[in-house]
Amino acid sequence: MAIRLPSTAALNNLSPKSRRSLLVAFFTLLLLLRNRTLKLPGTLLSRLKRVASRNEITQEELAQALQQVYVDEPDGSKTLLVPYQGRISKFNITPTSDSTFAKNAKLFPLLPAGQKPNLDKAFLRQLFAILKIVFPSWCSKEALILASHSFFLVLRTVLSVAVARLDGRIVRDLIRHLQSTLCLKMGARLTHYTDDLYLSHSPDLRYYRVALEGGLSDVDQYITSDIHSFCEGLAQVYGNVLKPSLDLVLFTSQLSRSLGVRGTAMLFLNYYVTAKILRAVTPAFGRLAAVEARLEGEYRAGMGRVGRESEEVAFYGGGLRERSILMRAYMRLIKHVNSIYKIRIAYEWTEDFLIKYLWSAAGYCLISIPVFLTRVRSIGIQATGDPRAHGRVDNEVANRTETYISSRRLLLSLADAGGRLMYVYKDLLELAGLTTRLYTLLSTLHNLPRPVVPSDSPDTVAVRNVDVGVPTVAPAFAAAASDTAEDISVSPSETEDSGASKTANTVLVRGLSFELKTGEHLMITGSNGVGKTAVARVLAGLWAAQGGGDVSRPHGKRGVFVVPQRAYMVTGTLLDQIIYPDSYPQFVASGRTHDELMQILAAVNLAYLPAREGGWSTRKEWRDVLSGGEKQRMAMARVFYHRPRFAVLDECTSAVSSDVEGRMYEHAKSLGITLITISLRPTLMRYHTQLLTIAGDGTGRWTLKRIGTAEERMDMDREIVSLENRLAEVERWETRVKELERLLSVQEL
Amino acid sequence: MAVQSTLRPSKERITQLVQAYARHRPIVQRVLTAGFVVYCITSTYRGLAARPASSSSKRRGKGKDDGGSAKPRVAVTRSPSSASHPLQVDAVFYQRLSRILRIVIPSLRSKEALLLFMHSSLLIFRTVISLYVAALDGKIVASLVRAQPVSFLLNILRWLLVAIPATWTNSWLSYVQNKLALAYRTRLTQEVMRQYLGDEHDPSDLKVFYKLANLDDRIKNPDQMITHDIQRFSTHLAAIYANVAKPVLDVILYNYQLSQNVGAEGLVILTVLVQASAALLRALTPPFGQYTATTAQLAGNLRHTHSRTEKMLAEREFAAKMGHEHRVLRKRWWHGCAEEGIVKWLWGSFGLCICAIPVFFKLPGVAALDMGGRTEDAFGRVMYSYKDLSELAGYTSRVALLLETMEDVRKSKFDKALVSSASIEENAKILKGRGVVELSEEIQFENVPIVTPNGDILVKSLSFYVKPGQHLLIVGPNGCGKSSLFRILGGLWPVYGGTVRKPPADDKEDMETRGITDDDLLEILALVQMEHIVEREGGWDVAREWRDALSGGDQQKIAWARLFYHKPKVRDLSCPPDMEGMMMDHATRLGITLLTVSHRPSLWKYHSMILQYDGQGGYVFTKLDAEKRLAFQQRKRRST
């Protein structure tokens, strides 16, 4: 509770007329509310009945909705199906178009290095840039809510001037409700926009490139947490600024009438001095808030890592080590938060003192001036010895009381309004910090250099004179990144780290060129860490080709498909695993059947999976359910499902037994998929026609060889003929194989 | 409130009755007061009956001590919060809260208890000061109105002086409250982390973080709970003390004054009315605690899908969260109106009516005061803090869920959706059983079933042994339980039957205490042919996201380096990289017994035993004759 000056006195001393109007209003409201209170249980009961009687959706419907995820609408928007409390709600979302991004990119120039969040022009510019996203047009829903919010805020001030305390909680509740709705809507708008920008399709792939080229990490902290606090802060600040400033203007104008010119001038002097003092003593809350958000993000990310990599950590028994890492992150956060609180003690003390006490003292003095002046005059009159002096004194007291009461109420409201404005100043500073953080994210996302799109060539993958190297943080981003790193007193290793990433621009493979036509299979080999995967990344368009060369490859979904080393399992059903990255509606639209999927699974020796896991629509944490080899085979199943022209297989069969591996390679070739394999296993060489060896001696040298000359290929043709002959004898061989297998497993018994 | 009484009893009888009542009033009063106290005690008892008798929450206890003679009245005002709603402020909530309180305030001498004490004394101090300030304010006005400049100036001076301790108290109060929240959070985080990630003093490394995610369905995203929910909980807990203590104290004080001024009748009537309307309000109150918990959960889901960058799913989670929050907002708005109606206007009029009693009936020895309004105000604030309390209940349930689940996991009680085959009688029997883990020099499995966490039985009964120095090779088709074997051996999965003997986990000391230098580490890296990496990445002390900086093969080599560094007795390996031959030789030299899973025939010669799964639930465990086996393999390949 704040120490409040008693204001009931003001109410009791109202004139009888205003008290009557007060009472009338009181009883009207009571009457109105009684109706509502009486009706409420009834409406609530009927609503409850309706809820109870409504058929809960069945399990199948729920599963269907979970599977479906969204429905495509004809106008390009999507209707999300969201299961919520036993029913399915529908939400319509419209994807943000690229032109909007392009238009908005102009609003988001990169922050210059050394920018500190503060209340200045830069802050306003950033805020307006973000507001442009939140309020796309004047007739958007958000603008409407904002308008009604402002209307009620003004109404409340008007009401409170008209009938003192009768603004009541109804309006306040409404305002609070509108404020929360506004916050929610803004958050939705901003999150959608950022999501669309961040999770952009190829070739932008901002979610991948932002860490490497933009130098930003923990983006999910920005999107989930920071946007929320930003919107909350913004909605709050708006209400908090608008109302007290309105009050301030209104009351000052009223007060100046009773105080005269001199008093008003002093009042303004008072404001000025207070603002000056507070500005001087206010610590950099903006920067502190930004740092807090960052530290919170780091702690969050560490926690998430343990959850994600729980199995590896558990195998090593590294729980204690992880705990010490996490505790360090936590302690850093807590230390920082604690220092904020400590700084705030002195600040709040000053603020309270100035606004609550100094202002009221000043107010009393202002009121006292006319009172004491009239007293001097009345003493003069009294000296003449008026017989009715006693009655006069009483009258004087009543007069003074009246002046006092009317000015007093205004002064109280003034102090209140002023206090709020000063509190807002702190909130504004914190908002500035969050704005800077959000702006950094948006400007980084907007300003990521446009990727060099590989030129389209339908039937070949060609690389001409390309240097393959780790992409570096763009210079503009690097400046900003190192700035934020210097901001906080972190261990020197971190700044060293950013320095290292700047200098570590080593070219892994120099001047790589090759051309691969459909049907020519390439194998890339070389010892660990020489840049095999880097070549795959360049082919996939994740890394830009350096050194002035260019890459051409078939475009579109059915162009190049990359299977990474770590098999990724999407959240969803078993079916989702195979059709990834397609979604279920796309699967339905493509007209492919479950039988087809079953064939694909059979091709990778996973035909038992639907039966074991309980059907296609089972939802599990597949990352944990499937074994290492199964995951890798699932990844191959995706290749067979999508049937791209080229498939880059990056060590993606290292946990698959070699006979199955061979079968999968053959199957891929029979589907007409051209393979680019990255592997260390020489046994795979026989499925390929070309071999790219990366030397890995630091020079970036490489050699490209054909596997098998023309004659050898002739041999192969002959072999095919002989194999076909042998197929005739296949039955006899199969029995022999079985026998051998039996021997293999049991012979040593 | 000086309304002139125009209502006069017209009939003699009524006058007589009133007179008789007035004569016996002291007795009636005493009876009423006694009845009231009894009622309060019983309702308090009923409210807390569901709780275990031993666990009296500290906060409540404190409130009672403050209350002194008027203590049962706390229960009156608090009993609205004892109603049983699903996930509401009820006995379960108090039970959970008291459990968590014991964690965050471990003893009366702890820092938290000290802070709490400081907080309470600051609260009281502030009340005292604010009373003084109000009095001073009156004096200033008096001197102003009476036009006494000297006393006016003196009072202004006094005003400015008293401002210093008053504002000091305010800023310190907020500091101590924040500090308290931080202290709670730190305690809770430390405790949770100790349970989640293991404890130095607890030798049985239970790997709760793994089991929570993989063997149990109850908690979807523990990271959200540990970071966000604990933070919100601590903030709410620190704030609730001030929010509840103050109005409760006020209610007691005002009730006392009211009983002095109006008499016990007024008090009883007021209590009945307030109770009735509070019951109505309670019936109208939506389960805010539930909403809070749901919101937190949805936020966690959103975060999770976001970190996996799955667009449509993130969109869906976001939409779900939005929908939920919209609904909560609407409810909140309706509830706000109802609460407004009852608390402000209904209770206000009650207060006025009660205060009017002495005016209307001219009872002896009663002075009408503006008590009703203030009582109503205090009651109202108690009602508002009820909302805070139910939000706290929401977060409490989240934190308690985390703690309870961890407890269960530690006792290896898991709650997981099982596959359909798990309900077959024979399988169910295996799932119910629990095996024994013993420590010994060698590894031995005796009739251990291999069961996945979702109840899929891969091997019904597995027996094998590994003696020190006898490397074991494990082969078999994918998904037949090779990695599962290691998970059981590593203590990640529960042992459902039989006996597992394994060497004790290697004790980890710090690098310095073991006397291993950078040169030794470089030697180890040289063994795995990665010495260049130190130079490439810029020294030993570079910290970076190694997951992205190192290639897949390099990461595997680092794993080998860890093996050589720790020199454990037994090590299980899945799929080693190339050069494994050399590495395995080195491992043998260091006296490390290897269990290897690999499909590569080139590794066969390093192992002396083989465990082969057939993929149908059977297995063969025997000596490995690598050359003979190679020959067979080659013949097989030729035939295919």
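Within the sheet of chain B, Gln444(B) stands opposite Arg501(B), a residue of strand 5 of chain B. Strand 2 of chain B and strand 5 (residues 499–502) of chain B run antiparallel and are joined by 3 bridges; strands here are DSSP runs of E of at least two residues, helices are runs of H or I of at least four residues, and both are numbered from the N terminus. Two strands are taken to pair if DSSP finds at least two bridges between them. This is a predicted model, in which local features need a pLDDT of at least 70 and side-chain atom pairs count only at pLDDT 80 or more, while totals for chains, interfaces and linings use all residues. Residues are numbered from 1 along each chain as its sequence is written, chains are lettered from A and ligands numbered from 1 in the order in which they are written, and side-chain values use heavy atoms, with hydrogens and water left out.

Strand 2 (residues 443–451) of chain B also pairs with strand 3 (residues 457–466) of chain B, in the antiparallel sense and over 6 bridges. Here Val448(B) has Leu462(B) in strand 3 of chain B as its bridge partner. The hairpin of these two strands has 5 residues between them, and Gly455(B) takes a positive phi near 90° in it.

Taken together, the strands of chain B form an open sheet of 4 strands with the order 1-5-2-3 and mixed pairing. Strand 1 (436–439) and strand 3 of chain B are the edge strands, each pairing on one side only. On average, neighbouring strands of this sheet are turned by 25° against each other, direction ignored. Helix 15 (residues 482–489) of chain B lies across strands 2, 3 and 5 of chain B and runs at about 120° to strand 2 of chain B; axes are lines fitted to C-alpha atoms, for helices over the stretch in contact (heavy atoms within 4.5 Å), and angles run from 0 to 180 degrees between N-to-C directions.

Turning to the cysteines, the structure holds 0 disulfides over all chains, a disulfide being a pair of cysteine sulfur atoms within 2.5 Å. Cys183(A) is in no disulfide, and its nearest cysteine sulfur, that of Cys231(A), is 5.7 Å away, which is too far for a bond. Cys183(A) counts as buried because its relative accessibility is 10%, where buried means under 20% relative accessible area, exposed over 50% and partly exposed in between (1.4 Å probe, protein chains only). Cys231(A) is likewise buried, with a relative accessible area of 1%.

As for confidence, chain A averages a pLDDT of 76, and 80% of the residues score at least 70; pLDDT is the predictor's confidence in each residue, from 0 to 100.
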